[in-house]
Each structure stands twice: as C-alpha cells, then as structure tokens.
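Please look over the sequence and the model shown here before reading on.

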Amino acid sequence: MEESEHLHALEILELHAVSIIAENQPGVLRDIAGIMAANGANVVTVQQSILHSGDHAGRALFYFEVECAGGIGKVIADLVAVPTMHQATTLDTFSKIFGSRVIILGGGAQVAQVALGAVNEADRHNIRGERISVDTIPLVGEKNLTEAVEAVARLPRASILVLAGSLMGGTISTAVDHVRAAGIPVIALKMAGSVPRHADLVVTDPIQAGVFAVMHISKRAVFNIARVRGQEF
C-alpha cells in the first residue's frame with residue numbers, strides 16, 4: 001500500500017463505544033472479540049464487570065471502544081444475533097464524556113485543597129466546551145501511595161498526576177519516575193522527602209497546584225509544564 005493510501009485509511013477510522021450485556025460464562029469474550037475482528041473493528045479499550053443489581057444482575061457487562069471504518073451497525077447486528085448476548089448499544093466514548101483526567105493522590109487535607117483548585121479551573125474550561133475530569137483518593141503510607149502512583153500509568157485517559165502531602169519519598173519517588181516515563185507529568189506540593197526532586201514541577205500552594213494541572217492539559221490554556229520543568233512556585 002502506498003503511503004498516501006495508508007494515511008487515508010487511517011483517517012477514515014472512527015472511534016465507537018459499545019456496551020454489551022451478556023451471559024457470565026466462559027467463551028463470551030472470545031465470541032465478542034471474534035465478531036469485532038470479523039468486522040474489521042480494532043479494539044482499543046475493553047472493560048468487563050459483573051452486574052450486581054437491576055434486571056441483568058449476575059450477567060456480564062462489557063465496554064469496548066473500537067476503531068472501525070464504515071460505521072458500527074454491522075457489529076451491533078452481529079452481536080445481538082448471538083444467543084448469549086442480551087443487549088448491545090452504542091454510546092459516546094469516555095474521552096468525549098469525561099475527557100482528560102487529573103489524578104490527585106496524597107493526604108486528605110492537601111488533596112481536598114488541590115481538588116478545589118482543579119475543579120474550579122476545570123469548570124472554567126468545561127463550560128467552554130472542553131472535558132476535563134478530576135479524580136482523587138486520600139491515602140497514607142509509603143506502600144499504599146507507591147501502589148497508587150504506579151497504577152496511574154495504567155489508568156485510561158490519565159493526563160497528569162498531582163501528589164499532595166507533607167512527606168513522600170522512598171519507593172514513591174521510584175513510582176513517580178515510572179509515571180513520568182509513561183508520558184504523564186507529575187506536580188508535587190512542596191514537602192519533605194525526595195518526591196519533589198523527582199517531579200516535573202513543585203508548587204507551594206495546593207490550590208494553585210490544581211489550577212496548574214488543569215491548565216497544562218487544557219487545549220485552550222497557554223500553560224505548559226515543559227516550559228517550566230524543574231522549577232518551584
């Protein structure tokens with residue numbers, strides 16, 4: 001295939017979200033994947049869980065985001081034709097609904113203040129058409145924080161991490177390096193410990209840290225951590 005034809009093929013791929021309710025039994029995921037592949041749909045996101053309430057309690061809920069050309073109608077028709085499938089519907093993708101994510105980890109009081117700044121700034125951007133969401137969890141202890149920081153690199157749409165606390169170091173710093181290596185910038189509050197030396201940016205005011213985080217991932221703001229990396233505010 002010529003390069004121009006290859007680029008054109010990439011351009012016409014559309015991203016679709018598909019929600020499927022099916023029997024909770026072996027082979028169902030295989031059947032769904034086979035239908036996707038047969039229709040030329042490339043799976044880019046997949047989640048599976050079990051419904052614990054409602055009319056479909058005990059059944060499996062699958063969420064897919066797939067790239068495909070020519071629409072998603074044939075995929076849906078093939079899915080609902082399978083006896084183990086009870087429902088298949090198309091939805092807006094999570095990136096369209098929730099957008100990019102600011103992740104805030106650390107001590108409760110500091111997390112709350114960072115979230116205050118981030119939510120207020122995100123509201124200013126979202127009211128103008130952007131989609132930026134803020135996710136937080138207050139945690140204490142080096143092990144708990146290390147595991148949470150490491151997991152950020154696996155979170156869908158995680159765009160920036162803010163570490164809010166009074167003391168962080170040790171294995172948390174190593175986890176910060178892993179997150180940054182995955183392409184996710186890290187803002188740290190000014191605190192004791194080695195984490196600030198591993199972060200992209202150190203900010204004294206927790207509210208301002210939240211504002212900076214949102215401004216960095218916004219498509220409309222002019223702030224970019226790359227321009228001030230290694231500095232302290």
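The sections below take up the model as a whole, then a sheet with its helices, and then the aromatic rings.

## Basis of the report

This is a predicted model, in which local features need pLDDT of at least 70 and side-chain atom pairs count only at pLDDT 80 or more, while totals for chains, interfaces and linings use all residues. Residues are numbered from 1 along each chain as its sequence is written, and side-chain values use heavy atoms, with hydrogens and water left out.

## The chain as a whole

The secondary structure of the protein chain comes to 10 helices and 9 strands, where helices (H or I, at least four residues) and strands (E, at least two) are DSSP runs, numbered from the N terminus. The C-alpha trace spans about 60 × 45 × 35 Å along its principal axes.

Of the 233 residues in the protein chain, 42% are buried; buried means under 20% relative accessible area, exposed over 50%, and partly exposed in between, with a 1.4 Å probe and protein chains only. Contacts (heavy atoms within 4.5 Å) between residues at least 6 apart in sequence join, in 73% of cases, residues at least 24 apart.

An open sheet of 4 strands has the order S2-S3-S1-S4 with antiparallel pairing, two strands being paired if DSSP finds at least two bridges between them. Its edge strands, each pairing on one side only, are S2 (42–50) and S4 (85–91). The twist from one strand to the next averages 20 degrees; axes are lines fitted to C-alpha atoms, for helices over the stretch in contact, and angles run from 0 to 180 degrees between N-to-C directions.

Strand S1 (residues 14–22) and strand S3 (residues 60–68) run antiparallel and are joined by 9 bridges, with Ala17 standing opposite Glu65 in S3. Helix H2 (residues 28–38) packs on the sheet and touches S1, S2, S3 and S4, its direction making about 20 degrees with that of S3. Helix H3 (residues 73–80) also packs on the sheet, touching S1 and S4, and its direction makes about 165 degrees with that of S4.

## Aromatic rings

Rings of Phe, Tyr and Trp (its six-membered ring) pair if their centres lie within 6.5 Å, and planes under 30 degrees apart count as stacked, over 60 as edge-to-face and the rest as tilted. By this rule there are 5 aromatic pairs. The rings of Phe62 and Phe64 have centres 6.4 Å apart and planes at 25 degrees, so this pair is stacked; Phe62 is buried at 2% relative accessibility, and Phe64 is buried at 3%.

The rings of Phe94 and Phe98 have centres 6.1 Å apart and planes at 45 degrees, so this pair is tilted. Phe94 is partly exposed, with a relative accessible area of 23%, and Phe98 is partly exposed, with 43%. Ring pairs link Tyr63, Phe94 and Phe98 into a cluster.
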